[in-house]
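This briefing concerns the fold, the chain contact and the nonpolar cores of the structure shown below. Please consult the sequence and the coordinates alongside the text.

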Number of protein chains: 2
Amino acid sequence: MNNNELLKIFNYYKSLNLNISMARGKPCKEQVDLSLPMLDLLNSSSNLIINNADYRNYGILDGIHECKKMFSNIMGIEEENIIVYGNSSLYIMASLVEKSVLHGVNNNLPFSKQEHIKWLCPVPGYDRHFTICESLGIEMINIPMDEHGPDMDKVEQYIKDPEVKGIWCVPKYSNPTGINYSDEVIRRFAKLKPAANDFRIYWDLAYLTQQSFDQQYEPILNIYDECKKYHNEEIVYMFASTSKMTFPGSGVSALGCSENNIKDIKNTLKYQTIGYDKLNQYRHALFFKDDKTIKEHMNKHAKLLKPKFDIVLDIFEKEIKDIARWSKPTGGYFISLYVKNASEVVKTCKELGVTLTDVGASYPYHKDPNNEHIRICPSYPSLEELKLATEVICLAVKMVCNK
Amino acid sequence: MNNNELLKIFNYYKSLNLNISMARGKPCKEQVDLSLPMLDLLNSSSNLIINNADYRNYGILDGIHECKKMFSNIMGIEEENIIVYGNSSLYIMASLVEKSVLHGVNNNLPFSKQEHIKWLCPVPGYDRHFTICESLGIEMINIPMDEHGPDMDKVEQYIKDPEVKGIWCVPKYSNPTGINYSDEVIRRFAKLKPAANDFRIYWDLAYLTQQSFDQQYEPILNIYDECKKYHNEEIVYMFASTSKMTFPGSGVSALGCSENNIKDIKNTLKYQTIGYDKLNQYRHALFFKDDKTIKEHMNKHAKLLKPKFDIVLDIFEKEIKDIARWSKPTGGYFISLYVKNASEVVKTCKELGVTLTDVGASYPYHKDPNNEHIRICPSYPSLEELKLATEVICLAVKMVCNK
């Protein structure tokens with residue numbers, strides 16, 4: 001197609017005055033509708049005093065038993081290795097990095113008393129992970145990702161530096177590439193022997209309960225079990241939440257880690273709060289009463305997500321196969337699209353009323369070294385909107401390629 | 001009474017095998033029952049998409065309009081001066097002190113980059129305020145309290161020191177003395193011109209909506225309005241929560257402060273979370289739909305609290321008038337009891353199965369300089385338990401006095 005023809009199509013889409021956001025991995029209305037029955041589980045006649053503990057009153061800093069059990073099932077770690085927090089696992093991660101800066105990790109010097117702190121960032125990755133580090137002045141180092149996970153040769157090399165204190169990982173349906181870490185990658189993580197005692201793997205299981213678009217459970221290796229084989233349990237903090245299961249922002253979240261780490265973390269947590277919302281914890285535990293219920297519920301999410309990903313991937317295949325490449329995830333919330341001059345593509349889409357995640361957002365310091373990656377989030381728009389938006393993206397890719 | 005007679009009574013109470021805690025200002029079961037109808041307000045058929053915002057989904061970092069309005073009514077400050085957080089105002093305070101250490105206050109140097117940080121602590125005060133400072137290595141300075149509030153001469157003197165960065169205040173039904181700050185004290189706070197630009201008054205309105213035991217509203221001066229008169233709005237952070245209104249730990253909380261402060265705080269808050277639980281915010285806003293509803297609800301709390309305070313105060317008056325003194329609060333959750341050798345009294349009570357707050361808890365570093373103050377919390381035990389526990393306290397005071 002020549003430039004004149006593309007310009008004609010551009011003007012057509014311009015005339016539609018679109019206003020579609022594909023910028024965030026946000027569940028759509030129909031997905032949040034799935035959890036409405038949860039709002040009927042607690043009411044004024046519910047029994048909320050369980051084993052002499054009044055869940056409506058102060059207390060139980062680390063979460064109620066029923067909700068620990070729920071997360072224990074989900075994360076594959078014992079209840080005593082779990083702290084249930086409030087509505088956001090991102091908050092747990094941010095507060096743990098902050099704790100490390102202010103108070104240190106276990107008995108190590110606080111980061112603030114150490115000269116320089118570095119963090120490994122598999123890229124492309126989750127923007128909100130990176131901004132936590134950036135806001136605290138922690139130097140971030142890019143680690144390339146492939147379809148098996150982060151480049152472990154590089155990780156094993158970098159952790160010889162005692163200034164390297166952590167790494168961000170989204171091992172299941174990774175944000176934004178959609179891949180699952182391979183068994184070998186996870187085993188190599190479990191075996192890591194970093195120079196720094198206070199190095200921790202931040203293992204963000206945001207999409208762990210997600211079923212594949214074909215409604216299959218695609219397991220990843222349980223890193224905690226692997227770590228135990230090498231007496232290396234201290235190295236990992238695991239995070240999970242119900243944000244992609246029930247109501248994003250009104251859910252519950254949890255940390256899973258070794259007894260020593262739990263003890264260390266509770267030791268500062270007790271200064272910050274008396275406890276988290278136990279009624280919402282109980283509501284969630286009642287809703288997800290067993291594994292089967294969780295899988296059935298997550299299959300409903302998968303059913304809603306599948307046609308959305310199909311539309312985007314089909315149109316990409318039809319329209320831009322020769323001038324772009326992209327990930328073909330089996331689950332999760334994201335597609336990684338790689339194109340020439342990505343920032344120009346995003347700008348052109350914006351002109352046509354389609355908002356994409358900023359180029360660079362998936363990289364530390366907002367810098368995509370090749371200006372090539374666009375994170376595509378198909379979950380939120382309707383099918384009609386998605387079709388239009390994807391056509392707009394393909395048009396923009398073609399226009400930029402033709403320049 | 002001689003020692004032998006006292007010992008006889010001691011043995012009698014010992015034989016009862018009591019197990020009563022008067023250690024924390026915790027609402028009793030009947031108080032939390034008052035809010036059960038709130039759990040019926042949201043269910044699966046509720047309309048949760050308000051003005052195009054889906055309260056079940058991500059977004060709205062600073063809280064929903066309806067809940068801002070609720071806190072605006074409560075705190076007497078405009079909606080744009082409010083951020084609604086999660087379930088704990090203690091968490092807001094802790095996170096703001098941490099933010100000040102890590103990122104600084106407005107454009108000032110982070111506390112961590114300044115040589116030494118000091119904080120003013122009216123005493124006796126709230127133990128959890130003090131442990132926030134202690135955990136962060138902030139030097140605490142005792143400020144004496146009287147029935148009008150903190151000694152303002154001392155406060156005005158200390159703030160000439162640029163290392164002094166804050167002060168903890170519970171101006172309404174103060175924890176633990178139960179007093180209300182006088183208009184003059186509040187005006188002097190509003191006029192403060194500290195040497196440090198990053199000095200802030202932490203104004204904890206934990207008991208602001210509380211009605212007096214006689215079901216009257218005892219207003220205190222609105223510090224924000226007073227500050228405005230002196231163009232001094234930046235100086236104060238106000239905190240409120242529903243912990244003493246609905247379900248402690250499953251409520252909502254808010255920060256109120258100037259536009260500049262709000263902007264500064266949001267600027268780091270956005271790295272920590274995508275937002276707080278909007279469904280619970282909405283539930284609370286529906287429950288407390290206007291001032292009248294709040295007052296009626298809080299009167300029910302007052303009705304339950306009054307007989308409990310009456311019992312304690314009556315028995316004190318009858319038994320230990322000549323050997324102790326105590327505060328006579330008109331509302332709130334606490335009585336301050338002043339006795340000789342308080343730690344010995346608490347120890348004796350413990351032997352008889354009555355748990356009181358540790359002596360020193362109401363002072364920085366857990367050090368009551370005169371070993372004289374005991375915080376009495378009558379809200380949680382039943383009337384019968386309270387009667388027994390108070391008799392035990394009086395016995396212990398007498399025994400220690402006789403030594």
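Two residues count as in contact if their C-beta atoms, placed from the backbone, lie within 7 Å. The model discussed here is predicted. Its chain A comprises 13 helices and 15 strands. With a radius of gyration of 22 Å, close to the 22 Å that the globule rule gives for 403 residues, chain A is therefore as compact as a globular protein of that length.

**Overall form of chain A**
- Along the principal axes, a box of roughly 75 × 55 × 35 Å holds the C-alpha atoms of chain A.
- Of the 403 residues in chain A, 53% are buried.
- Among contacts in chain A with a separation of 6 or more, 76% join residues 24 or more positions apart.

**Contact between chains A and B**
- Chain A and chain B contribute 45 residues each to the contact.
- On the side of chain A that touches chain B, at least two residues come from each of α2 (29–33), α4 (89–102), α5 (127–135), α9 (259–272) and α10 (278–287).
- The most is given by α4(A), with six residues.
- By class, this side of chain A divides into 20 nonpolar, 17 polar and eight charged residues.

**Nonpolar cores**
- The largest nonpolar core has 179 residues, and those with the most contacts inside it are Trp203, Val236 and Met238 of chain A and Trp203, Val236 and Met238 of chain B.
- Beyond its neighbours within four places in sequence, Met238(B) is in contact with Met75(B), Ile77(B), Trp203(B), Leu205(B), Tyr224(B), Gly256(B) and Cys257(B).

Definitions and conventions. Residues numbered from 1 in each chain as written. Chains lettered and ligands numbered in written order. Predicted model: local features only at pLDDT ≥ 70, side-chain atom pairs only at ≥ 80, totals over all residues. Helix = DSSP H or I, 4+ residues; strand = E, 2+ residues; numbered from the N terminus. Rg over C-alpha atoms; globule rule 2.2 N^0.38 Å. Buried ≥ 20, exposed ≤ 12 C-beta atoms within 10 Å, placed from the backbone. Nonpolar A, V, L, I, M, F, W, Y, C, P; charged D, E, K, R; others polar. Core = buried A, V, L, I, M, F, W, Y, C linked by C-beta atoms within 7 Å.
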